[in-house]
Amino acid sequence: MTTGPGNDPRDPQGAAEDGENWREEERARPEHPLSVMLFSWMRTETFLRLFIVGVGVVSLGAVVAEWVLSLQSGEPSKRLIGFYGIFGGLAFALAVLAGWPLGAALRRPETHYDPPQHDKADAAAKGGADE
Amino acid sequence: MSELFGMLASGTNPGFVLLVAGVMAALIRPTALRGVVLIGAPVLALLMVLYGPGWGVDAARTDLLGLQLSLYRIDSLSFVFGLAFVVATGLIGIYSLHRREPLEDGAALIYAGAGLAAVFSGDLLSFVLWMELTTLASTAILLSRRTAAANRAALRYFAMHMISGLLLICGVAVIAMDRGTIEFVQLGPMRDGLLVGILDPSEPGGALFLAGLGIKAAFPIVHAWLKDAYPEASETGSVALSVFTTKLAVYALVRCFAGFEPLIWVGAIMTVFPVFFAVVENDLRRVLAYSLNNQVGFMVAAVGVGGELGVNGAALHAFTHIIYKSLLFMSMGAVLLRTGTTKASELGGLHRTMPFTSIFCLIGAASISAFPLFSGFVSKSLIMTSVEYAPGVYIAWLGMMFASAGVLEHSGIKIPYFSFFSHDSGKRPEEAPFNMLLAMGAASAFCIGIGVAPVWLYELAPYREAALEYLGVDLFSAKHVLHQVQLLGFAIFAFLLLKRMHLYPPERPGVILDADWLCRDLGPASWRGIGSFWERASARRARVSEAVDRWRDWLVSQCGPSGWIARRASVSAGAIWTVIILGATLAVIYGAVR
């Protein structure tokens with residue numbers, strides 16, 4: 001049973017040494033037969049286009065079915081045909097597009113919360129003194 | 001033998017079994033023997049839950065400081081939470097069999113045992129004490145990863161939960177003084193045959209208790225501990241952490257504050273804001289933590305609605321959420337184990353060599369997104385319906401609808417897409433160990449089983465008749481299913497369009513600032529600012545003091561007994577000079593003061 005490199009915090013040195021071998025072994029690993037059977041045919045552009053069309057058809061079909069069955073009720077906005085679909089699509093797009101300004105405003109380097117360098121030096125000096 | 005088990009089951013809180021097993025697991029070194037404990041203890045606890053004392057019976061009582069404590073009491077509300085905890089403990093046991101970490105295994109079982117004991121407590125003090133044991137055990141789980149980041153996160157987590165514990169215990173003390181009892185049975189009347197909403201949040205004790213639970217449930221502003229701590233645990237630790245603390249808080253909210261309307265708004269806000277953070281977060285386990293926060297928001301909103309539908313929704317959604325959230329954390333744990341990372345920017349294409357994990361992750365994603373025929377649909381429908389028909393909260397309902405689309409984005413699509421599909425990262429890790437696959441497979445079976453045949457879950461509902469009526473009339477009605485298909489279908493369509501138009505934000509490494517910025521950035525910066533101001537002020541004061549000293553010395557040298565006035569002038573001239581200098585000094589002081 002192998003684990004990923006650097007995954008064992010108690011043995012970082014060993015993990016680093018094993019890292020190269022692990023990557024070599026990993027590159028040589030063939031695709032799993034189940035993956036070939038289930039997923040390989042999904043990688044084509046044709047499938048993607050068909051998938052988009054399929055999702056569109058199902059979504060519009062749900063709207064048409066709602067209209068045919070006259071299922072609208074409740075608040076005025078909810079009586080709008082396809083309200084749930086329109087709301088879902090717009091909400092999803094809003095959530096995703098908000099990621100651009102939010103990412104710019106809130107993202108910091110990964111070391112942002114790391115202790116300052118002088119703290120580490122102090123800790124190291126203290127550790128050395130203890131030893 | 002069966003009589004002995006009957007006696008054990010009817011008088012012993014099943015949490016004790018897990019607690020004892022936790023101590024054993026921490027001490028046992030042989031992995032195989034520990035495996036027996038990890039799986040055997042939840043099985044025994046499950047039997048005790050199923051064959052325990054009758055509902056509403058105080059099976060174990062004691063008194064402490066003059067207060068009557070009910071150590072073991074089951075009713076239809078605690079039963080559904082307890083059952084979910086036991087099932088999750090079993091899944092975690094199977095999932096962690098490949099590891100050789102006795103301390104973490106022991107801490108996880110103690111965490112589960114304390115959680116179970118808390119759910120089956122019949123009074124506030126027992127509940128709080130057990131809940132504080134979950135804090136200690138969960139901190140131990142975090143510390144057992146033994147990385148600097150995990151240690152720091154554990155300290156922050158512990159500090160937040162100590163504040164919460166303090167508020168809870170103060171609340172219990174005030175309630176005990178005000179009402180003279182802390183037993184659920186005596187605190188509040190039954191509502192439709194169930195002890196829910198037994199505390200009044202407008203009373204001081206109730207308010208303190210609600211504030212304490214707010215931290216545990218990760219209410220807005222005090223939520224950052226969740227996304228800070230959970231992703232720092234090990235691959236098994238984060239699964240365990242995802243199950244108990246927040247759901248215990250939800251259980252307590254139902255028990256104590258069901259029907260408290262402001263919770264609808266708190267819950268709605270909880271569902272919405274994590275969506276935005278999850279979109280920009282790169283660490284997929286942190287995305288799951290935000291998603292957990294969002295899902296707990298749905299439960300909190302249902303608690304606010306109260307009534308049969310709201311209570312059923314909160315309890316059943318907690319049950320399904322425990323399973324599918326565990327499943328998602330398990331799948332990311334498997335990715336962490338095999339690749340050493342869960343950062344979306346470093347992953348992609350793992351389905352080629354981890355197809356089983358990919359499938360299980362997709363099942364978890366479909367469940368949390370509430371696709372029809374998956375477990376999330378079955379339970380979230382109750383909540384959405386309860387809020388939809390609650391008066392005066394239409395905006396909150398719209399917010400929760402928005403959050404439903406957001407859930408699809410961050411947990412339904414982002415988690416499986418960026419880890420297993422998306423661009424090929426070139427990583428070809430080995431498939432997860434068999435025990436992990438087994439646990440994920442079992443959790444997936446629950447997700448699909450509940451989704452396809454929800455009747456058995458609905459029979460567990462606190463208000464069984466109301467749940468079965470909803471199942472028969474509303475759950476799979478054409479209107480309900482079509483609305484959900486519309487919502488999800490158009491949202492997926494939006495994803496595909498945004499992706500093709502390159503409008504989907506790319507995954508970038510980095511830390512996302514959240515409310516913890518207040519205590520991790522602003523707090524230390526303010527402290528440093530105050531320190532440097534004090535230093536500057538001290539230096540300035542020293543300079544002023546030196547100048548005053550020099551001036552005094554000069555004055556003494558000029559006007560003292562050996563000064564030039566005394567040496568050269570007559571006594572009358574000296575008196576005149578003294579009057580002049582004194583007058584000038586007074587004039588200067590007067591001018592300065594004025």
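**Figure 1. Helix α17 of chain B has a kink of about 25°, centred on S381(B).** The bend at a residue is the angle between axes fitted to the seven residues ending there and the seven starting there. Helices (H or I, at least four residues) and strands (E, at least two) are DSSP runs, numbered from the N terminus. This is a predicted model, in which local features need pLDDT of at least 70 and side-chain atom pairs count only at pLDDT 80 or more, while totals for chains, interfaces and linings use all residues. Residues are numbered from 1 along each chain as its sequence is written, and chains are lettered from A and ligands numbered from 1 in the order in which they are written. Helix α17(B) covers residues 375-388, and its 14 residues should span 20 Å at 1.5 Å a residue; the expected span is 1.5 Å times one less than the number of residues. The end C-alpha atoms of α17(B) are 20 Å apart, which agrees. Of the 14 residues of α17(B), 13 are buried. A residue is buried if 20 or more other C-beta atoms lie within 10 Å of its own, exposed if 12 or fewer, and partly exposed in between, with C-beta atoms placed from the backbone.

**Figure 2. Helix α17(B) packs against helix α19(B) at an angle of about 55°.** The two axes are 6 Å apart, and α19(B) covers residues 434-452. This angle makes α17(B) oblique to α19(B). Axes are lines fitted to C-alpha atoms, for helices over the stretch in contact, and angles run from 0 to 180 degrees between N-to-C directions. Angles under 35 degrees count as roughly parallel, over 145 as roughly antiparallel, 65 to 115 as roughly perpendicular and the rest as oblique. On the α17(B) side, S375(B), F377(B) and V378(B) meet F446(B), C447(B), I450(B) and G451(B) of α19(B). Two residues are in contact if their C-beta atoms, placed from the backbone, lie within 7 Å. The contact of α17(B) with α19(B) has five nonpolar, two polar and no charged residues. Ala, Val, Leu, Ile, Met, Phe, Trp, Tyr, Cys and Pro count as nonpolar, Asp, Glu, Lys and Arg as charged, and the others, Gly among them, as polar.

**Figure 3. Chain B meets chain A through 57 residues, which are in contact with 55 residues of chain A.** Elements that give two or more residues to this side of chain B are α13 (262-280), α15 (307-339), α18 (394-420), α22 (478-500) and β3 (511-512). The largest share, 17 residues, comes from α22(B). By class, the residues on this side of chain B divide into 34 nonpolar, 11 polar and 12 charged. M401(B) lies in helix α18 of chain B. Leaving aside neighbours within four places in sequence, M401(B) is in contact with F87(A) and A91(A). M401(B) is buried, with 21 other C-beta atoms within 10 Å. M401(B) and L487(B) are 86 residues apart in sequence, but their C-alpha atoms are 8.7 Å apart in space.

**Figure 4. E235(B) sits in the loop between α10 (224-229) and α11 (237-243) of chain B.** Is E235(B) buried or exposed? E235(B) is buried, with 26 other C-beta atoms within 10 Å. Not counting residues up to four places away in sequence, E235(B) touches G333(B), L336(B) and L337(B). E235(B) and L337(B) are 102 residues apart in sequence and 6.8 Å apart in space, C-alpha to C-alpha.

**Figure 5. D192(B) has a positive phi of about 55° although it is not a glycine.** D192(B) lies in the loop between α8 (184-187) and α9 (204-216) of chain B. With 12 C-beta neighbours inside 10 Å, D192(B) counts as exposed. I221(B), in the loop between α9 and α10 of chain B, is not a glycine and has a positive phi of about 80°. I221(B) counts as exposed, with 12 C-beta neighbours inside 10 Å.

**Figure 6. Helix α2 of chain B is largely enclosed by the rest of the structure, with 10 of its 14 residues buried.** Helix α2(B) covers residues 14-27 and reaches 21 Å from its first C-alpha to its last, close to the 20 Å expected. The buried residues of α2(B) include P14(B), V17(B), L18(B), A21(B) and M24(B). What covers the buried residues of α2(B) includes α3 (31-50), α4 (76-95) and α5 (102-119) of chain B.
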